[in-house]
Amino acid sequence: MDIKEELLEMAKLSYREGLFAGTSGNLSLYDRMAGIMYITPSSVAYETMKAEDIVKMTLDGEVLEGDKIPSSEWRMHGEIYRCKPEVNAVVHTHSPYATSFAVTHQTVPVILIEMVPFLGGEVEVADFALPGTVEVGTEAVKKLNGKHACLLANHGVLAVGANLDQAHIRAVYVEDAAKIYSLALSSGDVKVIEQKHVEQMKGRR
C-alpha cells in the first residue's frame, strides 16, 4: 500500500474509533532512509480527507509534496523522530478518557497487565508546552524513555511505534486503560499491579 494511502486509512479508522474529534489529532510516518515525513494536514475533516492531502515534508519543515498545510504539530513529530531512532510512526490523539487525565496531570498507573507489553508500563504526563512548538516533542521524549506512549499535559495523547499499526494500537490501549481507570476510580479503591509483577512481565519474551 502507498504510504499516503496507509496514513489516510489509519487516520480515518482512528477518527471512527473516537480517538479524536473534528479535525483534531494528527498522525505521521517517517521514511528514515529517505529522511521524509508523511503527516496529516491541518484543519481538514477526516471524512473528506484524501490521500493527496497528506503532506510529504522534511523534519525541518520543508514541504516536498502536497498543497495543504501540514499539521500544526509537525515540529513535535519531527522532534520525536530525531530523538527516538526506533520510532517510525507517531499517533497523537485527543481521546477523551486519556485526555481527561492529561488535563488533571495524573499518571495512568499499571492497572492492567496488558499495559506492560503494549505501553511499557504506566502512562506518564509530559510537562506542558505550547501546542505547535518543538517543546511539545521535547517534553514527550522525556516520558518515552522505555515507554511507548505518554500523556501531553492539557493536550492529549502521544503514542509511538516502529510502524503505524503499532503506534495506533498503543494509542487505543492508552484510551482503554484510561477509561477503565476512570471507571474504577468512581467505583472504589483502585488496586495497582505490584511492581514485581510488572518486572516479571517486562522480562518475558
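This is a predicted model: local features need pLDDT of at least 70, side-chain atom pairs count only at pLDDT 80 or more; totals for chains, interfaces and linings use all residues.
Residues are numbered from 1 along each chain as its sequence is written, and side-chain values use heavy atoms, with hydrogens and water left out.

Let's stay with β8. Strand β7 (residues 149-152) pairs with β8 in the antiparallel sense over 4 bridges; two strands count as paired if DSSP finds at least two bridges between them. Strands and helices here are DSSP runs, E of at least two residues for strands and H or I of at least four for helices, numbered from the N terminus. The hairpin of β7 and β8 has 3 residues between the strands, and N154 takes a positive phi near 55° there.

Which strand joins β8 through 5 bridges? That is β5 (residues 89-93), and β5 and β8 run antiparallel. Within this pairing, A89 stands opposite G161, and T93 has V157 as its bridge partner.

Is β8 buried or exposed? 6 of the 6 residues of β8 (residues 156-161) are buried, so the strand is largely enclosed by the rest of the structure. Buried means under 20% relative accessible area, exposed means over 50%, and partly exposed is in between, with a 1.4 Å probe and protein chains only.

Zooming out, 8 strands form an open sheet with mixed pairing, in the order β4-β3-β2-β1-β5-β8-β7-β6. The edges are β4 and β6, each with a single partner strand, so one side of each is left without a neighbour in the sheet. As a reminder, strands of a sheet pair through backbone hydrogen bonds, either parallel or antiparallel.

Now to the charges. How many salt bridges does the structure hold? There are 12, where a salt bridge is a side-chain nitrogen of Lys or Arg within 4 Å of a carboxyl oxygen of Asp or Glu.

One of them joins K4 and E65, with the closest N and O atoms 2.7 Å apart. K4 lies in helix α1 (residues 3-16) and E65 in strand β4 (residues 63-65), so this pair ties together parts that are 61 residues apart in sequence. K4 counts as buried at 10% relative accessibility, whereas E65 is partly exposed at 38%. K4 and E65 also belong to a network of salt bridges with K56.

Another salt bridge brings D53 and K68 together at 3.1 Å, N to O. D53 sits in the loop between β2 (36-39) and β3 (55-57), and K68 in the loop between β4 and α2 (74-83), so parts 15 residues apart in sequence are tied together.

My last pair is E124 and K147, whose closest N and O atoms are 3.1 Å apart. E124 is in the loop between α4 (115-119) and β6 (125-126), while K147 is in the loop between α5 (134-143) and β7, so the link spans 23 residues in sequence. E124 is partly exposed, with a relative accessible area of 22%; K147 is buried, at 13%.
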